[in-house]
Amino acid sequence: MTTAAAGRSHDLRSRQRRYLWMMGIRVVCLPLAVVTTGWLRLIFIIGAVVLPYVAVVIVNAASRPSHGVIDTVPPPERPELPPAMPQPEQK
C-alpha cells in the first residue's frame, strides 16, 4: 500500500467535474432569472453572474497531496548456515 498522491489525470478529471456541475447550476439560473419575479429573480441573476468567477477560482485551486505515513515492512528472515563441524586433525 502506498501513500502517494493521486495521479494528475485523476486530479484533472475531478476538477473538470466540479466545473461542469457549477456551470450546470449557472445554466439553470439563467432561465429562472427570466421567468421569476421579485427577490428570487435577484438571487438567480446574482448566481448567474457570480458563479462563473467563483467556479474558476475553486477549480484552479490546486489540490495539495495528503501527507501520509509510510509503513515499513521488515525484511524476511534469512536462513543461516549451520555451525561448522570441527575438522579432525590431519597428520
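Does V50 count as buried, partly exposed or exposed, and what is its relative accessibility? At 39% relative accessibility, V50 counts as partly exposed, where buried means under 20% relative accessible area, exposed means over 50%, and partly exposed lies in between (1.4 Å probe, protein chains only). The structure is a predicted model, in which local features need pLDDT of at least 70 and side-chain atom pairs count only at pLDDT 80 or more, while totals for chains, interfaces and linings use all residues. Residues are numbered from 1 along each chain as its sequence is written, and side-chain values use heavy atoms, with hydrogens and water left out.

The secondary structure of the protein chain consists of two helices and zero strands; helices (H or I, at least four residues) and strands (E, at least two) are DSSP runs, numbered from the N terminus. Of the 91 residues in the protein chain, 15% are buried. The chain exposes about 8,700 Å², and carbon and sulfur atoms supply 66% of that area. Accessible areas come from the Shrake-Rupley method with a 1.4 Å probe, and for residues only the protein chains shown count as cover. Among the contacts in the protein chain with a separation of 6 or more, 66% are accounted for by residues 24 or more positions apart, a contact being heavy atoms within 4.5 Å.

Helix α1 comes next. With 28 residues, α1 reaches 42 Å from its first C-alpha to its last, close to the 40 Å expected at 1.5 Å a residue; the expected span is 1.5 Å times one less than the number of residues in the helix. Its buried residues are D11, R15, M22, M23, C29 and A33, and these pack against α2.

R15 is found in helix α1 (residues 8-35) and is buried, with a relative accessible area of 13%. D11 likewise counts as buried, at 13% relative accessibility. Side chains of opposite charge can pair when their charged atoms come close. Here, the side chains of R15 and D11 meet in a salt bridge (3.5 Å, N to O), the term being used for a side-chain nitrogen of Lys or Arg within 4 Å of a carboxyl oxygen of Asp or Glu. The structure holds one salt bridge. R15 and D11 both lie in helix α1, four residues apart, about one turn of the helix. Not counting residues up to four places away in sequence, R15 touches R8, V59 and N60.

I25 is found in helix α1 and is partly exposed, with a relative accessible area of 47%. The C-alpha atoms of I25 and G47, 22 residues apart along the chain, are separated by 8.4 Å. P31, also in helix α1, is partly exposed at a relative accessible area of 45%. P31 and I45 are 14 residues apart in sequence and 9.6 Å apart in space, C-alpha to C-alpha.

The loop between α1 and α2 contains T36, which is buried, with a relative accessible area of 15%. The side chain of T36 reaches the backbone oxygen of L32 at 2.6 Å. Not counting residues up to four places away in sequence, T36 touches R41 and F44.

V50 belongs to a nonpolar surface patch formed by L42, I45, I46, V49, V50, Y53, V54 and I58, with about 710 Å² of accessible area together. Patches are made of residues with over 30% relative accessible area and no salt bridge, with like charges joined within 9 Å and nonpolar side chains (Val, Leu, Ile, Met, Phe, Trp, Tyr) joined within 5 Å.

Conventions. A polar contact is a pair of N or O atoms within 3.5 Å; within protein, one must be able to donate a hydrogen and the other to accept it, and residues adjacent in sequence count only if both atoms are side-chain atoms.
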